[in-house]
Amino acid sequence: MDLFTFIVTVFVSFLGILFGAVLTHHTRDEVFEMRKLIPFLQFAILVAVFVVLFLFFPFTIVSALLVLSFGFIYIFWRKNNLNFLDYIVLSMILVISSVNPKAHLYVTLFAFIFGILSGSLFYVMNTKHKKHQVKKLAHHRHTGKHLDFHSMTSSLFYTYKFFFFLAIIAFAAAHLIDFLF
Amino acid sequence: MRVKTKRGQTWSFDLIVAVVIFIVVVGIFYSLLNRSNEGTVDTQALESGAKSISYQLNCDVSPVFPPCFIENGEINETKLAVVAALPYADLKELLGTTEDFCIYLLDEENRIIPVIDENTPGIGSGSYLLNATLGCDGS
């Protein structure tokens, strides 16, 4: 896959984060009601992404990637309680899947849906709600701030840009390693 | 004394190192996968290309002449002769394919029926062999 196609697919897949926040802004009560379901849906999507990888790539390599990814999330989850670990893993999976265009298409789709859920969760976690405050939701920790819509979209846009560039750097690094080997 | 707790999400040095290692490992996996895919043929793409060509040959499905020459389930010999006379490059462009192809006819016992005569058993690329020695275009 060429760099331009990869950039376009990453652009689309991570757009889900912003899309999710905007959707939740307009449907906040409905999303707030189902907030506890979101982390489970995110986990289901991560599982689906790995199912796609198992279908398209050799078992041994995908198994190693699975162990590496969940090991990475597990170690830093416990250590720092960070919310963005899933996206580091998704960026790497987008790079790996670019070997097969069909697999990349499915992974892009799942990453987009994952982004919608992440954006929604971020919105729910960082806005004041009339019913209750959300202190902790699965591994997602409340940051102690309540943001207005503008601050939230700016923050999500920063996150979006960061993972966009991380995926592109990883793609360039993968090509460099491939070239050096 | 009030202890200020860090509540924001920060990147620690070990996380940065872990991400760099992760990128390197993913790069190695990418390289391995890229190598294992080299030299393989995407048969699904070839199959869908062949289906696309067969649809375009059927005037009932795609009424564009040329390249269609099958009408009501039967071959229109006049149209077939026109299609067979087209240069291969032009026909390839008409069918919208970049892959080499061969259009040939078989009878009930899977024997080749020459499209025009013995010298022209099929329509398409000479690199496609209909048997051990006979190319699609009779070469």
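**Entry 1: A:His104**

I am working on a predicted model, where local features need pLDDT of at least 70, side-chain atom pairs count only at pLDDT 80 or more, and totals for chains, interfaces and linings use all residues. Residues are numbered from 1 along each chain as its sequence is written, chains are lettered from A and ligands numbered from 1 in the order in which they are written, and side-chain values use heavy atoms, with hydrogens and water left out.

I placed A:His104 in helix α6 of chain A, residues 101–126. Helices (H or I, at least four residues) and strands (E, at least two) are DSSP runs numbered from the N terminus. Next I looked up what A:His104 touches, leaving aside its neighbours within four places in sequence. The list reads A:Met1, A:Phe6, A:Thr9, A:Leu94, A:Ser97 and A:Ser98, where contact means heavy atoms within 4.5 Å.

**Entry 2: chain A as a whole**

I found seven helices and two strands in chain A. From the N terminus on, I read them off as α-α-α-α-α-α-β-β-α. Of the 181 residues of chain A, 49% count as buried. I also checked contacts in chain A between residues at least 6 apart in sequence: 76% of them join residues at least 24 apart. Chain A exposes about 9000 Å², with carbon and sulfur atoms supplying 73% of it; accessible areas come from the Shrake-Rupley method with a 1.4 Å probe, and for residues only the protein chains shown count as cover.

**Entry 3: a nonpolar patch on chain A**

Which residues form a nonpolar patch on the surface? I noted A:Phe4, A:Val8, A:Phe11, A:Val12 and A:Leu15, with about 440 Å² of accessible area together. Patches are made of residues with over 30% relative accessible area and no salt bridge; like charges are joined within 9 Å, and nonpolar side chains (Val, Leu, Ile, Met, Phe, Trp, Tyr) within 5 Å. I looked at A:Phe4 by itself: it lies in helix α1 of chain A, residues 3–26, and is exposed with a relative accessible area of 61%.

**Entry 4: chain B as a whole**

I moved on to chain B and found four helices and five strands. Along the sequence they follow the pattern α-α-β-β-α-α-β-β-β. Of the 139 residues of chain B, 28% count as buried. For contacts in chain B with a separation of 6 or more, residues 24 or more positions apart account for 25%. The accessible surface of chain B comes to about 9200 Å², and 55% of that belongs to carbon and sulfur atoms.

**Entry 5: the sheet in chain B**

I traced an open sheet of three strands in chain B, in the order β4-β3-β5 with antiparallel pairing. The edge strands are β4 (112–113) and β5 (122–124), each pairing on one side only. Two strands pair if DSSP finds at least two bridges between them. Strand β3 (residues 102–106) of chain B is joined to β5(B) by three bridges, and these strands run antiparallel. I picked out B:Cys102, which stands opposite B:Gly124 in β5(B).

**Entry 6: the disulfide**

How many disulfides are there over all chains? I count one, taking a disulfide as a pair of cysteine sulfur atoms within 2.5 Å. B:Cys59 and B:Cys68 form a disulfide with their sulfur atoms 2.1 Å apart. The torsion about their S-S bond is about 100°, so the disulfide is right-handed. I checked burial too: B:Cys59 counts as buried at 10% relative accessibility, and B:Cys68 counts as buried at 2%.

**Entry 7: salt bridges**

I get five salt bridges over all chains, a salt bridge being a side-chain nitrogen of Lys or Arg within 4 Å of a carboxyl oxygen of Asp or Glu.

- B:Lys51 forms one with B:Glu47, the closest N and O atoms being 4.0 Å apart. The two residues are four apart in helix α2 (residues 43–57) of chain B, so they are separated by about one helical turn. B:Lys51 is partly exposed at 45%, and B:Glu47 is partly exposed at 48%.
- B:Lys92 forms one with B:Asp100, closest N and O atoms 3.2 Å apart. Here B:Lys92 counts as buried at 18% relative accessibility, whereas B:Asp100 is partly exposed at 48%.
- B:Glu109 forms one with B:Arg111, closest N and O atoms 3.1 Å apart. Salt bridges that share partners join B:Asp107, B:Glu109 and B:Arg111 into one network. B:Glu109 is exposed, with a relative accessible area of 56%.

How values were computed
Buried < 20%, exposed > 50% of the residue type's maximum accessible area, 1.4 Å probe, protein only.
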